[in-house]
Amino acid sequence: MRSYNEKISIYHGMVSTIAINLAGNFYPIFAISILGATNYQVGLISSLPPLIALLMTIPAAILLNRLETQKKTVAMAVVGARLLFLLLIGVVYLSTPYQAWAFLIIIALMNVPATVSNIGWQTLISGMIRDERRGAFFSDRNRLLTIAGMISTLVIGIIMKNQTTNASAYQWLFFTAFLFGLGEVFFLMKHKEKTQASSSMKKSSMNWSIFQDHKYKWFLIAALCFNFTWQMTWGIFNIYNVRIVEATILWISIFSVANQLVQIFTFPLWKKWAEQRSNTLMLVWAALGMALVPFLTVLSTNLYYLTIINGLSGFFVSGVVLLLFNLLLEQSPTETRTYCITTYNVLLSFVAFIAPQIGILMLEGLGIQNSMELNSLMRIGSAFIFLLMYFKTKQNSKPLLLRN
């Protein structure tokens with residue numbers, strides 16, 4: 001039986017997913033087809049937001065740690081982020097040489113309040129969900145959010161199937177995303193939050209003792225290595241789909257739907273396997289599966305084939321999304337969880353800024369096929385780091401492998 005906060009969190013997640021999908025899924029094709037963005041600028045679509053998040057995470061954490069309640073602050077941050085969707089509407093009215101750069105600046109600025117809301121939400125929800133409910137709740141939530149994202153993406157793809165080069169169609173898309181952003185705020189404010197007692201820890205800007213925790217250190221190493229190999233090809237995939245495959249908005253939507261549809265049905269599988277084998281061990285398999293995707297993608301430009309590959313990717317993405325967040329909470333000591341989450345977000349933002357840029361450099365130097373194949377090998381290496389983490393932390397854990 002879901003609690004009140006669990007239900008509200010699911011509603012909030014649905015409208016948030018739709019808002020982000022309506023805009024974010026089509027940033028690359030908008031930048032290339034309407035604004036004439038270069039490969040470097042397409043790479044910045046993936047790297048600029050985490051750079052801003054990197055700069056904002058520690059100030060955001062200090063602010064949130066000093067608050068006895070976080071809900072209102074998180075909601076106001078969401079308002080600030082979603083208002084910037086309205087600025088995206090005006091980008092096409094600027095002089096052509098400045099359009100792509102203005103677009104990138106707005107996306108970057110959007111992540112100032114978004115960083116506050118992301119960290120605040122993670123801390124807020126971790127305190128609302130009991131440990132024993134965590135796996136089941138996030139599995140259900142992720143599945144339902146994926147359904148919402150899939151349906152919204154498919155509907156937009158169908159509506160805009162002949163509008164790939166129509167600037168006004170994107171403007172309506174950004175405005176609709178803003179309206180769903182207002183829905184995010186409504187459901188955020190419906191959460192029932194307990195007042196947190198003020199403490200000396202909450203007044204401290206950082207607690208360095210988290211780096212003495214053996215399990216948390218191993219999580220950081222493994223998770224950041226994997227995220228680096230995962231995120232470095234995001235820009236390359238966008239360029240491949242739009243410039244090489246010449247996919248329209250409808251096909252971009254179909255790729256996304258195929259990915260999300262498989263996620264819907266596989267979240268429960270990853271939850272079940274994690275309970276039987278542990279989050280860490282199953283991340284090894286999820287990371288190995290993700291290693292197949294770049295290699296298989298560049299084998300063909302056939303749109304139907306690429307739809308199948310995106311579906312295969314969805315199977316492993318569902319595992320990565322569920323298991324990484326569960327593992328973060330599992331390996332973060334309760335008394336320092338806010339600091340652990342903050343530190344992970346800071347380091348993840350740094351990785352997310354650097355990785356796409358290195359990916360674009362690989363693309364320029366090696367070409368798309370060699371870059372994808374090299375990335376597959378790097379992803380295999382990151383999977384073995386999770387395996388090493390499993391064995392290094394196993395002696396301090398319960399023998400989950402023996403459970404039936």
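This is a predicted model: local features need pLDDT of at least 70, side-chain atom pairs count only at pLDDT 80 or more; totals for chains, interfaces and linings use all residues.
Q: Which residues do ring pairs link into a cluster with Tyr27?
A: Ring pairs join Tyr27, Phe30, Phe103, Tyr170 and Phe174 into a cluster. Rings of Phe, Tyr and Trp (its six-membered ring) pair if their centres lie within 6.5 Å; planes under 30 degrees apart are stacked, over 60 edge-to-face and the rest tilted.

Q: How many aromatic pairs does the structure hold?
A: There are 21 aromatic pairs in the structure. The ring centres of phenylalanine 186 and phenylalanine 187 are 5.1 Å apart with planes at 75 degrees, so that pair is edge-to-face. Tryptophan 270 and phenylalanine 315 form a tilted pair, 5.4 Å centre to centre and 50 degrees between the planes.

Q: Is tryptophan 270 buried or exposed?
A: Tryptophan 270 is buried, at 1% relative accessibility. Phenylalanine 315 is partly exposed, with a relative accessible area of 21%. Buried means under 20% relative accessible area, exposed over 50%, partly exposed in between (1.4 Å probe, protein chains only).

Q: Switching topic: what does threonine 229 contact?
A: Leaving aside neighbours within four places in sequence, threonine 229 is in contact (heavy atoms within 4.5 Å) with Asn375, Met378, Arg379 and Ser382. A polar atom of the threonine 229 side chain lies 2.8 Å from the backbone oxygen of phenylalanine 226.

Q: And is threonine 229 buried or exposed?
A: Threonine 229 is buried, with a relative accessible area of 5%.

Definitions and conventions
Residues are numbered from 1 along each chain as its sequence is written. Side-chain values use heavy atoms; hydrogens and water are left out. A polar contact is a pair of N or O atoms within 3.5 Å; within protein, one must be able to donate a hydrogen and the other to accept it, and residues adjacent in sequence count only if both atoms are side-chain atoms.
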